[in-house]
Amino acid sequence: MENLLFGFNMASNEPSGVGKCKVCHNSTASNYNFGAVTCYACAAFFRRSVRNDAQYPCKNDKACCGDTALYDVTAYAACKKCRLDRCYREGMKATCK
């Protein structure tokens, strides 16, 4: 049985939600957002990007564009185009059905 305290699994120091964010791989509290398991920061980024019809340029930098860029560097330094591409790749949907 899990030992839960304030939403964290004390055995693994992981949030007790549905697991790590599929976009940034951060272990902050994650839930289903726009059809995928994401943290609130990635859900907000996706919502703003879709609402503003954002067209981001790629930084073409291995450190900023990799699958773990948001985990390895700050969100400010990470490539927004690659982050948005990961959102779609992990199943986030701009439309609700």
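Reply: Here are questions about the labels, each answered from a value and a rule. This is a predicted model, in which local features need pLDDT of at least 70, side-chain atom pairs count only at pLDDT 80 or more, and totals for chains, interfaces and linings use all residues. Residues are numbered from 1 along each chain as its sequence is written, and side-chain values use heavy atoms, with hydrogens and water left out.

Me: Why is phenylalanine 45 called buried?

Reply: Its relative accessible area is 3%. Buried means under 20%, exposed means over 50%, and partly exposed lies in between (1.4 Å probe, protein chains only). Phenylalanine 45 is therefore buried. Of the 97 residues of the protein, 31% count as buried.

Me: How do you know which aromatic rings pair, and how many pairs are there?

Reply: Rings of Phe, Tyr and Trp (its six-membered ring) pair if their centres lie within 6.5 Å; planes under 30 degrees apart count as stacked, over 60 as edge-to-face and the rest as tilted. By this rule there are three aromatic pairs. In one of them, phenylalanine 45 and tyrosine 56 have ring centres 5.8 Å apart and planes at 20°, so this pair is stacked. Phenylalanine 45 sits in helix α1, while tyrosine 56 sits in the loop between α1 and α2 (62-65), eleven residues apart. Tyrosine 56 has 24% relative accessibility, so it is partly exposed.

Me: What makes the pair of phenylalanine 46 and tyrosine 88 edge-to-face?

Reply: The ring centres are 5.3 Å apart and the planes stand at 75°, so the pair is edge-to-face. Phenylalanine 46 belongs to helix α1 and tyrosine 88 to helix α4, so the pair ties together parts 42 residues apart in sequence. Phenylalanine 46 is buried, because its relative accessible area is 1%. Tyrosine 88 has 40%, so it counts as partly exposed. Ring pairs also bring in Phe34, making a cluster of Phe34, Phe46 and Tyr88.

Me: What stands out in the backbone at phenylalanine 34?

Reply: Phenylalanine 34 has a positive phi of about 55°, although it is not a glycine. Most residues other than glycine have a negative phi. Phenylalanine 34 lies in the loop between β4 (30-33) and β5 (36-39). Its relative accessible area is 32%, so phenylalanine 34 is partly exposed.

Me: Which value describes phi at asparagine 60?

Reply: Phi of asparagine 60 is near 50°, again a positive value in a residue other than glycine. Asparagine 60 is placed in the loop between α1 and α2. Its relative accessible area is 69%, so asparagine 60 is exposed.

Me: How do you know that aspartate 85 and lysine 81 form a salt bridge?

Reply: Side chains of opposite charge can pair when their charged atoms come close. A salt bridge is a side-chain nitrogen of Lys or Arg within 4 Å of a carboxyl oxygen of Asp or Glu. For aspartate 85 and lysine 81 the closest N and O atoms are 3.0 Å apart, and they form a salt bridge. A search of the whole structure finds one salt bridge. Both residues lie in helix α4, four residues apart, about one turn of the helix. Aspartate 85 is partly exposed, because its relative accessibility is 34%. Lysine 81 is partly exposed too, at 32%.

Me: What makes the surface patch positive, and which residues gather there?

Reply: Arg47, Arg48, Arg51, Lys59 and Lys80 gather in the patch of positive charge on the surface. Lys and Arg count as positive and Asp and Glu as negative; His and the chain ends are not counted. Patches are made of residues with over 30% relative accessible area and no salt bridge: like charges are joined within 9 Å, nonpolar side chains (Val, Leu, Ile, Met, Phe, Trp, Tyr) within 5 Å. Helix α1 (residues 40-51) gives the most to the positive patch, with three residues.

Me: Why is lysine 80 called partly exposed?

Reply: Lysine 80 has 36% relative accessibility, so it counts as partly exposed. Lysine 80 is found in helix α4 (residues 80-89).

Terms used: Accessible areas come from the Shrake-Rupley method with a 1.4 Å probe; for residues, only the protein chains shown count as cover. The place of a charge is taken as NZ of Lys, CZ of Arg, CG of Asp or CD of Glu. Helices (H or I, at least four residues) and strands (E, at least two) are DSSP runs, numbered from the N terminus.
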